[in-house]
Amino acid sequence: MPILGFILRRLFYAILVLLGLSMVIFVIARIMPGDPARMAVGMQAPQWVVDRLREQMHLNQSLPVQYFYWLRDAMHGDFGLSLVTQRPVMSDIIEFFPASLELVLCAGLLAAAGGIGLGVLSARHKDTWIDSAVRVFSYTGVVTPSFVFAILFVLLFGWILHAFPVIGRLSERFTPPHVVTGLMTIDTLLAGRLDEFVDALHHLILPALALAMGSIAQESRITRSSMADNLGKDYITSARALGISERVVMGRFLLKPSLIPTVSILGLDIASLFSIAFLVELIFNWPGLARYGLSAMLHKDLNAISAVILVLGAVFAFVNIAVDLIVAALDPRIRLHATRSA
Amino acid sequence: MRKSLFVTLASLVCAGILLTSLPAAAAGSRVLRVTFAWPNVIDPAIGNDYASSSSIVNLYDTLVFPNAKGGVDPWLATSWNVSPDGLTYTFHLRGGVTFHDGTPLKASDVVFSYNRFKTIGRGFAYLVTPNIADVTATDSRTVVFKLAQASALFLPSLVRLYVAEESLVKKNTKAEGPYGANGDYGTTWLQTHDAGSGPYMVKEFPLEQYLLMARNTTWWGKFNPNAPDEVRFIGTTEGVTVRTLMQNKQLEITDQWQTFEAYQALEKIDGVKVAALPSMTSFYYMVNTKKAPTDDLHFRLAMEYAFDYDAAVGLEWPGTKQMVGPVPASLAGHDASLTVYKRDLDKAKEELAKSSYAGRLDQNPVVVQWVSEVPDEEKYALLFQSNMADVGIKVNVVKVPWLSLVENTSKLQSSPNIATIYVSSDLPEAGLMLKQRYHSSTAGTWQQNEWLQDKKLDAQIEDALKTLDAAQRYAKYSRIQQELVALAPSIWIYDQIEKHAYQSTVDWPATRGETSLIQGYVFFAADIGVSQR
């Protein structure tokens, strides 16, 4: 029960944060140059068409009134029409979010596996050439933006090796399966199409890896550093003195506590991958939410901008809560603190 | 451990190669794949940008079809009669035309499409509807258009009146929507479906990704014997992606938005050519004639003579030419005999000495605003700045986002001395470009930073546009162009050419000058031939 109180409290704070975020975004989106109604209907459309849209969007009202209308509709899941796709923003988000989610989840898995794996490898071989090689990789990965990896992967695996497709989520020879979850890998499996599943996975790997490279580098550094710190602790020396095998010492006594900072950062990384994915999505023609958000900003699509940022904000808040719970599960001290303060 | 890691990685790459080498579509099929800048809006009453136009011309038929000479040919209308006063056009529809679902075309579908276009008021409605008083179907094969005043642009503008199937649109219309009794007028459904009779129909349309169109085997028109079975318009213009697709032969034609260097690289790929198509777009320096110091004719003439046009054209793709006068050379009615300004520093200094700002140049800098979303414009702005410095004119170059420039040009006070903008004509007719660029009705829009507001010029343009006889009309256009050259309200830099890399196996009529230059028609896929896979 105390943990439930902790979750509810965090949810309440998250709602407050989202409310504040919505106000900021609402104001910023409206003070950007250009008339959104004019942008939506085109530069050549007659003025009466612009006026009609301004009326529909309440753009002739004061900002607080506009915000009231927007918030009222948003509470009912109605973010209005996208001025770019001409569809309800909610429909767009439902269509594009799963593509980003699939990409980010796969990138997160790669980041966790790659980052923790390399970190453990580096810590186990501390101060050897393996450690140095992982460190060089980590520094390179941290300072290189994901779109550079995306371009390199397209050139290497697409142009030179012809090993991976460079656009889309499914090959031309396949008809996309019926949308159930919006996650292509899952939907192809649900449709019982193993060949399409393999193809979808084949399309997913390169963009996910490009997106994950920075996180892999980051997590490997943190894991290595955390493990190296804990390696000198008394309880590890005691475990070794008791004759416990090195495998058990590393895996059970050292890795678990060393993962706390890694998991915390990984959670934040996964959440931020949503917002930095747009260039990777552009390069791989991946129909995700980040790319949709970028297009919305370029076209001053007010409704879409506000909704996308709110969704990303909600994802960030949700992941943060999830990370807190995982960390609490990993560390009894944190769990105890959380239950006391709840 | 290391060995197994190596084996795993090698297996992954091999599996990847195997998967990638699988045929992309059924063997023997023909496919045309083209990249475009997205979004792509396929509702015929809403879409009007490049990708949208290119899609819609393949999905819908029109009453008339534009030809390469700048005129129109019969299409859904096999013939038409014009009343002596030029105010009534009676169109006779082709028999045996069916929509994609098999429903026969009726004259009432044309009326419905027009009314829908007019009510929604978007897309190309501004081009088609303003001068039309009434449209009626007198029988199932006859449509009558009544005009408010005679117009030379009426017939060519009908290439944008796409005919949609009334019953299908009504069946898919939501009761609630912004168009009163018409609800949403089918706009929601038509975002991802079509209701046309054109040579291709929508097969798949995952938004943000691609539009896949399948051949309409019951189309009434004639296909190129090697016309594609499927047309895939892909929503990406990313340089490295496009180049990889071209190199891997997974793309037939690229978009026109690649960089100069990218086209050079694409041209080096085996079997890839770069087409430089003429266009109806030109690059203008729009000079504000109401703001100091560019309000002085001699000052403007000094700028005309100080600018190095050859250097500017040299920055573009080979084959690009300096503009001759105020409209692109590709438009009917363009006067090729006009005076062309060339760099002549003596003349520039002479004109400057005559200007009211002579001796006060330092206190009267010229502000040039270029569009930040078009990075290439910066090099022209810097060239201009350097050229003007040669005669003592101080130039402040300012980078502004497109939306800010649109806002700035909407009011005289905020309009810069010079706005650098590419402008396209919607129809291949000089009169339309003259109207959109220099008529008072466009002052205060991004299309006219010149603020000419000259009533005499307005009347001349309106009169020319009402003249139905082509020879007389072109003579009037010519006089207007001559007067504009003397007024020097713009620096006419170059006529843009539209660049596309394409596989040499593609039989593309546009590369031979056999298609209309109206936006979208170079991608009329029924005329394009592609090789079998």
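## A parallel pair in chain B

In this predicted model, β1(B) runs parallel to strand β12 (residues 230–234) of chain B, and the two pair over 5 bridges. Strands here are DSSP runs of E with at least two residues, helices are runs of H or I with at least four, and both are numbered from the N terminus; two strands pair if DSSP finds at least two bridges between them. B:Thr35 has B:Ile234 in β12(B) as its bridge partner.

Both strands belong to an open sheet of 4 strands in chain B, ordered β1-β12-β11-β10 with mixed pairing. Its edges are β1 (31–35) and β10 (200–204) of chain B, each pairing on one side only.

## Where the chains meet

Let's turn to the contact between the chains, with 45 residues from chain A and 41 residues from chain B. Residues are in contact if their C-beta atoms, placed from the backbone, lie within 7 Å. On the side of chain A that touches chain B, α7(A) gives the largest share, 5 residues.

## Two helices side by side

The axes of α7(A) and helix α7 (residues 239–247) of chain B come within 10 Å and cross at roughly 5 degrees, which means that α7(A) is roughly parallel to α7(B) (angles under 35 degrees). Axes are lines fitted to C-alpha atoms, for helices over the stretch in contact, with angles from 0 to 180 degrees between N-to-C directions. Among the residues that meet are A:Ile151 and A:Trp159 in α7(A) and B:Val240 and B:Gln247 in α7(B).

## About the model

Residues are numbered from 1 along each chain as its sequence is written, with chains lettered from A and ligands numbered from 1 in the order written. In this predicted model, local features need pLDDT of at least 70 and side-chain atom pairs count only at pLDDT 80 or more, while totals for chains, interfaces and linings use all residues.

Conventions. Two residues are in contact if their C-beta atoms, placed from the backbone, lie within 7 Å. Angles under 35 degrees count as roughly parallel, over 145 as roughly antiparallel, 65 to 115 as roughly perpendicular and the rest as oblique.
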